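Welcome! Take a look at the structure below, and then we can go through it together.

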Amino acid sequence: MNDNQTELAQLTEQELDPAQLHRIHFNRAAQYIEGLKRGLIEFLKSPKRSIAVCFPVEMDDGSVRTFHGYRVVHNRVFGPGKGGVRYHPAVTREEVIAMASLMTWKCALLELPFGGAKGGVVCDPKSLSEAELRRITRRFITELGDFIGPYTDIPAPDLYTDEKTMAWIFDTYDILHPGHNNRPVVTGKPLDIGGSLGREEATGQGLLFATEHLLGKGIINGLQSVSGTRVVVQGFGNAGSVAAKRFHEAGALVVGISDSQGGIYSEDGINPAAALAFKEEHGTVVGMPDTMSKTNEELLSLNCDILIPAATGDQITADNADSVQARLVAEAANRPTTPAADQILANKGIVVLPDIVANAGGVTVSYYEWVQNNENERWDIDLVNFKMKQRMERAVDCVFDRWFALKEEAGENDEPVDLRTAAMAVAIDRVAYATLERGIWP
């Protein structure tokens, strides 16, 4: 039994916090990398900087509430920190650290000049007014001060934040730092103030590019393309709704969709645009005409070719992984599959296209926005998508080649090597090599 198996045996998944789960993913990949020094491994696992802030905000009714927020930069070997800001009641420091770590590997895999970062405020955005959210955002950014900046740490949208939130971040930072081109301090902004064409659709569009390229390699018997596949999308926010539309346009039949209220299923397929219109009118996809209602749990176990978890983390676990019937799981969300579930899916022969590459279209187009802001340019949508497609496909190629090599090296009695382990191995290798190439200071 290796260290990862021992750790999983000692603790149930409910007892493992996100940082521990990420460490297990790291350890699985690190065992396939030769020459990693023990001290360097500890450096690669640990966040470079972790900030916790506490601040008061006056609410609409005149009362005062205290909010807690976090911003973590995991690594800056390749450049400034890059990562989203999320607003959610369950935000924790451990979760933010894990997400920042994931961003480090994602940026390394996509060959972006960034390190990983992440941030969040503990709040329930659904119960707050726009004015309250604006005041929370401005105060949070003020508390972070010079710990963010165009060449230091660059936020972006994440769970329950959007381009409006990014506009408030930019404006707050710009007021505090007059006389500079501050547009590159944050990405995911509205087009009018420096946002990039294609940024809002980037995660879903990139998922399609990555999935198509992977299937084209013949990794799944009988599936050479998205066209003609049966697709289920769990989570119908920005990433999930765009992914559903793009896969539908590519010829897939979307048979299942869910949001936080529940799910729907139709054997004959669901038009994503019609589902989105229904959700905007009713607040949920549940109840859409000519569909059957399903729970989110039931949705994950539907018979389909491609399952797209696009909601929150830890959706596919040891408790339900055995019921998954998809042939490919394409992760639009961050860390939707736990380490124990990864092993179960691999043993069943289900391929997982991991978040580290599958949803990297978002950070890729964020990079393009940063470049455009620095150069005071705007690229057209065809150029943005062309560049993203090239970069996503190159990342899939690297992961596939490493996965194939690891499979060749593995013995008959070894655990199956999955694409996540291969992707992490490529990314860790790159960051470790660059760290040593730069030289350990002083």
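Predicted model: local features only at pLDDT ≥ 70, side-chain atom pairs only at ≥ 80, totals over all residues.

Author: Residues are numbered from 1 along each chain as its sequence is written, and side-chain values use heavy atoms, leaving out hydrogens and water.

Reader: Which strands stand at the edges of the open sheet of seven strands?

Author: The sheet has the order 9-8-7-6-10-11-12, with mixed pairing. Strands are DSSP runs (E, at least two residues; helices are H or I, at least four), numbered from the N terminus, and two of them pair if DSSP finds at least two bridges between them. Each edge strand has a single partner, so one side of it is left without a neighbour in the sheet: these are strand 9 (292–294) and strand 12 (351–353).

Reader: Which residue stands opposite Met-292 of strand 9?

Author: Strand 9 pairs with strand 8 (residues 262–265) in the antiparallel sense, over three bridges. Opposite Met-292 stands Tyr-265.

Reader: Which residue takes a positive phi in the hairpin of strand 1 and strand 2?

Author: Strand 1 (residues 49–58) and strand 2 (residues 64–73) run antiparallel, joined by ten bridges. Five residues lie between the strands of this hairpin, and the one with a positive phi, near 95 degrees, is Gly-62.
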